[in-house]
Amino acid sequence: MSQASFRRGVMARSMDRRELSSQEIARHLGRTRRDFLREVTGVALGASLMGASPFVYGATAAKKRKVIVITFGGGARDQETFAPEGQINIPHMLGELIPQSSFFTQVTNHGILGHYVATASLATGVYETLNNFSAVPPEHPTIFEYFRKDLRRPVSDAWVVAPSNGFNRIGESDCRSYGSGLGARVILPKHLLTAATSGADDHYGHLLHDNYETPLYAPQIGGGEFELQQLEQILKLSVDDFKAHAKTLSSPDELSVYIAKRLMKQESPSLLWITMHDIDIAHSGAYSLYVDAIRRTDRLCAELWKAVQEEPEYAGNTTLLILPDFGRDADQDSGGNGFQHHRTGDPASRTTWMMALGAGVRSGVVYDSPVQSIDLVPTIGSMMGFSAAQAQGRPIKDLL
């Protein structure tokens, strides 16, 4: 697609809202992404495919299946990603990942656009309404509880690697009627680093920044004996080795991916959830840092997929799903600040995308049928063989 054609699409989707509804604008976004990806990567249109899904059913296959979820935290707009002028920022997605994936161009989030509450909604399949800036658990059962209870999996088989802004409570819900003690283990790399350095952050301050969304909220990042036990007993890392490696990293997300790869090697969890957050530096108003974070996230997603292929426990039986928690405001919306925030609830901030690649997934296919972000949990449940009974989303049939 030429740059002029893409811009015409942008103009069409940013028409006066008296002429187009939010749903219609979202469809324009999805179709523009579809056409661009078909032109650039040569992917096929999913609706034209016939025949059964390649997904393999059966107890043996479900038992061996592993799923990794990456939330492309902070959201990124088409201008900086899928538009011709933005494609330079996602070379790994365009050149490596999308050609191997089923790509969904129109994923909508109808919930609260805060990163913790939106990630909690992704993890429960219900639009949660909790305070985004409070360290409270989700109200509804999480994917980790469904997985462990239905499939009788041990706690070591479900993990979350997340930034520390309240995410320490995301592994298990507050739904006592479902059952307690069935959540995922949550590992917070910043807590590990704080514990390993005894709070002295002379060399690691850039890795310990906790929150970009509002600088007025900066919860104390604590470390302690439990974190050091995670580091040494679970990750099999000495404090000195961990500190030495952290010193070479330039961002919190790099630290998170490093920890995730250690978890894969040492624990081989069947369900691994990783939350990226560097892109949210956009709240600082520095466009260059926002773009740098997109490029870094693009690279880290590819690095993690490469690690999947190199780990014997994961190669050939892992499905990777990558999706933003939501987007960012459009430049045309007078109530927002463009790339900097996601406060308007306009279609650009609510309409995102998802790619799925790996075991049981069609390669090189693009779908522009609308799905919701809360469809993720029931879809994974259908893949792995557990029931997401209280989720309000629906399984995505094109992945099953």
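Student: What does buried mean, as a share of relative accessible area?
Tutor: Buried means under 20% relative accessible area, exposed means over 50%, and partly exposed lies in between. One caution before we use it: this is a predicted model.

Student: OK, which residues are buried in helix H6?
Tutor: Helix H6 covers residues 143-151, and its buried residues are Ile143, Phe144, Glu145, Tyr146, Phe147 and Arg148.

Student: What do those buried residues of H6 pack against?
Tutor: They pack against H5, S4, strand S6 (271-275) and helix H13 (376-384).

Student: And what is H6 followed by?
Tutor: By Arg152, which has a positive phi, near 55 degrees. Arg152 is not a glycine. Most residues other than glycine have a negative phi.

Student: Where does Arg152 lie, and is it buried or exposed?
Tutor: Arg152 lies in the loop between H6 and S4. Its relative accessible area is 77%, so Arg152 is exposed.

Student: What about Ser268, what is its phi?
Tutor: Ser268 is not a glycine, and its phi is positive, about 50 degrees. Ser268 is in the loop between H10 and S6. Ser268 counts as buried because its relative accessibility is 13%, and the cut-off for buried is under 20%.

Student: Let's zoom out. How many helices and strands are there in the protein?
Tutor: There are 13 helices and 10 strands. Of the 400 residues in the protein, 60% are buried.

Student: What share of the contacts join residues at least 24 apart?
Tutor: If you take the contacts between residues at least 6 apart in sequence, 75% of them join residues at least 24 apart.

Student: New topic, helix packing. At what angle do H7 and H10 pack?
Tutor: Helix H7 (residues 189-196) and helix H10 (residues 252-266) pack at an angle of about 90 degrees, and their axes are 9 Å apart. That angle makes H7 roughly perpendicular to H10.

Student: Why quote both an angle and a distance?
Tutor: Two packed helices are described by the angle between their axes and the distance between the axes.

Student: Which residues meet there, H7 against H10?
Tutor: From H7 there are Pro189, Lys190, Leu192 and Leu193, and they meet Pro252, Leu255, Ser256 and Ile259 in H10. Sorted by class, the contact of H7 with H10 has six nonpolar residues, one polar and one charged.

Student: Rings next. How many aromatic pairs are there?
Tutor: The count comes to 12 aromatic pairs. One of them is Phe82 with Phe103, an edge-to-face pair with 5.5 Å centre to centre and 75 degrees between the planes.

Student: Which parts does that pair tie together?
Tutor: Phe82 is in the loop between strand S2 (66-71) and helix H4 (91-97), while Phe103 is in strand S3 (residues 101-108), so the pair ties together parts that are 21 residues apart in sequence. Phe82 is at 0% relative accessibility and counts as buried. Phe103 is at 1% and also counts as buried.

Student: How do the rings of Tyr116 and Phe167 sit?
Tutor: Their centres are 5.2 Å apart and their planes are at 70 degrees, so this pair is edge-to-face; the cut-off for that label is over 60 degrees. Tyr116 lies in helix H5 (residues 115-124) and Phe167 in the loop between strand S4 (158-161) and strand S5 (185-187), so the pair ties together parts that are 51 residues apart in sequence. Tyr116 is buried, at a relative accessible area of 1%. Phe167 is buried as well, with 1%.

Student: Which residues form the aromatic cluster?
Tutor: Phe72, Phe82, Phe103 and Trp353 form one aromatic cluster.

Student: Which ring does the charged end of Lys66 sit over?
Tutor: The ring of Tyr314, with 5.1 Å from the charged end to the ring centre. Lys149 has its charged end over the ring of Tyr178, 4.4 Å from the centre.

Student: Last one. What is Asn168 in contact with?
Tutor: Leaving aside neighbours within four places in sequence, Asn168 is in contact with Ala135, Val186 and Leu188. Asn168 and Leu188 are 20 residues apart along the chain, and their C-alpha atoms are separated by 7.1 Å. Asn168 lies in the loop between S4 and S5. Asn168 is partly exposed, with a relative accessible area of 37%.

Terms used: Residues numbered from 1 in each chain as written. Predicted model: local features only at pLDDT ≥ 70, side-chain atom pairs only at ≥ 80, totals over all residues. Heavy atoms only, no water. Axes fitted to C-alpha atoms, helices over the stretch in contact; angles between N-to-C directions. Helix = DSSP H or I, 4+ residues; strand = E, 2+ residues; numbered from the N terminus. Parallel < 35°, antiparallel > 145°, perpendicular 65-115°, else oblique. Contact = heavy atoms within 4.5 Å. Nonpolar A, V, L, I, M, F, W, Y, C, P; charged D, E, K, R; others polar. Phe/Tyr/Trp six-rings, centres within 6.5 Å; stacked < 30°, edge-to-face > 60°. Buried < 20%, exposed > 50% of the residue type's maximum accessible area, 1.4 Å probe, protein only. Lys NZ or Arg CZ within 6 Å of the ring centre and 35° of its normal.
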